Amino acid sequence: MEKTLSIIKPDATKKGVIGKIIDRFESNGLRIAAVKKLQLSVENAKKFYEVHASRPFYNDLVEFMTSGPVVVMVLEGENAVLKNRELMGATNPKEAAPGTIRADFADSIDANAVHGSDSLENAKIEIAFFFANTEIL
Ligand code: ADP
Ligand code: MG
């Protein structure tokens, strides 16, 4: 059993597809172990995406991630990190496989509906960024 962090990004919360995205996880063997809706501060968005600080899209990414509410979740299941990445599809929705979350709900490479941890190591760090152990059930 693995745990991974998922974020439903502001474009998707604004569109009203929170339930549809959560259904993709629950219908594919990923259990919602923790969930909350929140507004990211600029400070927290910068910290969360610190690995991308030197990339040209960093400021736009922080601006986008703070443009509206997000839903952060801990997903649990077998191979949860990889399974979530498969369900999400490629970063650029134009390249995302049919039937993936990004193919179905994302508009562009920056407003791409969901975040998912890219490794088990990063999943642990990202989960701890948002949740106390007592909130993960
Ligand atoms: P992923 O979210 O698929 O793991 P990355 O970790 O590479 O992708 O990038 C983090 C986020 O930064 C992406 O989900 C996307 O919102 C944004 N991003 C990545 N590449 C670009 C780009 N070339 N232009 C604009 N935004 C980008
Ligand atoms: Mg990433």
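Read along the sequence, the protein chain follows the pattern β-α-α-β-α-α-β-α-α-β-α, with seven helices and four strands in total; helices (H or I, at least four residues) and strands (E, at least two) are DSSP runs, numbered from the N terminus. The model is predicted: local features need pLDDT of at least 70, side-chain atom pairs count only at pLDDT 80 or more, and totals for chains, interfaces and linings use all residues. Residues are numbered from 1 along each chain as its sequence is written, chains are lettered from A and ligands numbered from 1 in the order in which they are written, and side-chain values use heavy atoms, with hydrogens and water left out.

**Overall fold and dimensions**

- The UniProt annotation "domain: Nucleoside diphosphate kinase-like", from an unreviewed entry, covers residues 1-137; UniProt positions are given in the numbering used here, feature names are shortened, and annotations may be inferred rather than shown by experiment.
- Along the principal axes, the C-alpha atoms fill a box of roughly 35 × 35 × 25 Å.
- The accessible surface comes to about 7200 Å², of which carbon and sulfur atoms make up 51%; areas come from the Shrake-Rupley method with a 1.4 Å probe, and for residues only the protein chains shown count as cover.
- Of the 137 residues, 47% count as buried, where buried means under 20% relative accessible area, exposed over 50%, and partly exposed in between (1.4 Å probe, protein chains only).
- Residues 24 or more positions apart account for 77% of the contacts with a separation of 6 or more, a contact being heavy atoms within 4.5 Å.

**Nonpolar cores**

- The largest nonpolar core has 21 residues, and Leu5, Ile7, Met65, Val74, Phe130, Phe131 and Ile136 touch the most other members; such a core is a set of buried Ala, Val, Leu, Ile, Met, Phe, Trp, Tyr and Cys residues joined through side-chain atoms within 4.5 Å.
- At least two residues of this core come from each of S1, strand S2 (31-38), H3, H4, S3 and helix H7 (120-130), and H4 gives the most, with five residues.
- Another core, of 19 residues, lies apart from the largest one and includes Leu75, Ala80, Met88 and Ile101.
- Beyond residues up to four places away in sequence, Val74 touches Lys3, Thr4, Arg31, Ile32, Ala33, Ala34, Ile127, Phe131 and Ile136.

- In helix H4 (residues 58-65), the residues Tyr58, Leu61, Val62, Phe64 and Met65 are buried.
- These residues cover an arc of only 165 degrees around the axis, which puts them on the same side of H4; the arc is that of the directions from the helix axis to the C-beta atoms.
- The face of H4 turned away from the buried side carries the exposed residues Asn59, Asp60 and Glu63.
- Packing partners of the buried H4 residues are strand S1 (2-8), helix H1 (10-15), helix H3 (42-48) and strand S3 (70-77).
- In H7, Ala123, Glu126, Ile127 and Phe130 are the buried residues.
- Seen down the axis of H7, these fall within an arc of 105 degrees, so they line one face of the helix.
- Glu121, Lys124, Ile125 and Ala128 are exposed on the other side of H7.
- The buried residues of H7 pack against S1, S2, H3, S3, H5 and S4.

- His115 is buried, with a relative accessible area of 10%.
- Leaving aside neighbours within four places in sequence, His115 is in contact with Leu5, Ser6, Ile7, Lys9, Phe48, Tyr49, Asn84, Met88 and Glu126.

**Loop residues**

- Ala113, in the loop between H6 and S4, has a positive phi of about 70 degrees although it is not a glycine.
- Ala113 is buried, with a relative accessible area of 0%.
- Asn79, in the loop between S3 and H5, has a phi near 50 degrees, a positive value in a residue other than glycine.
- Glu95 is found in the loop between helix H5 (80-88) and helix H6 (101-105), and counts as exposed at 60% relative accessibility.
- The C-alpha atoms of Glu95 and Gly29, 66 residues apart along the chain, are separated by 24 Å.
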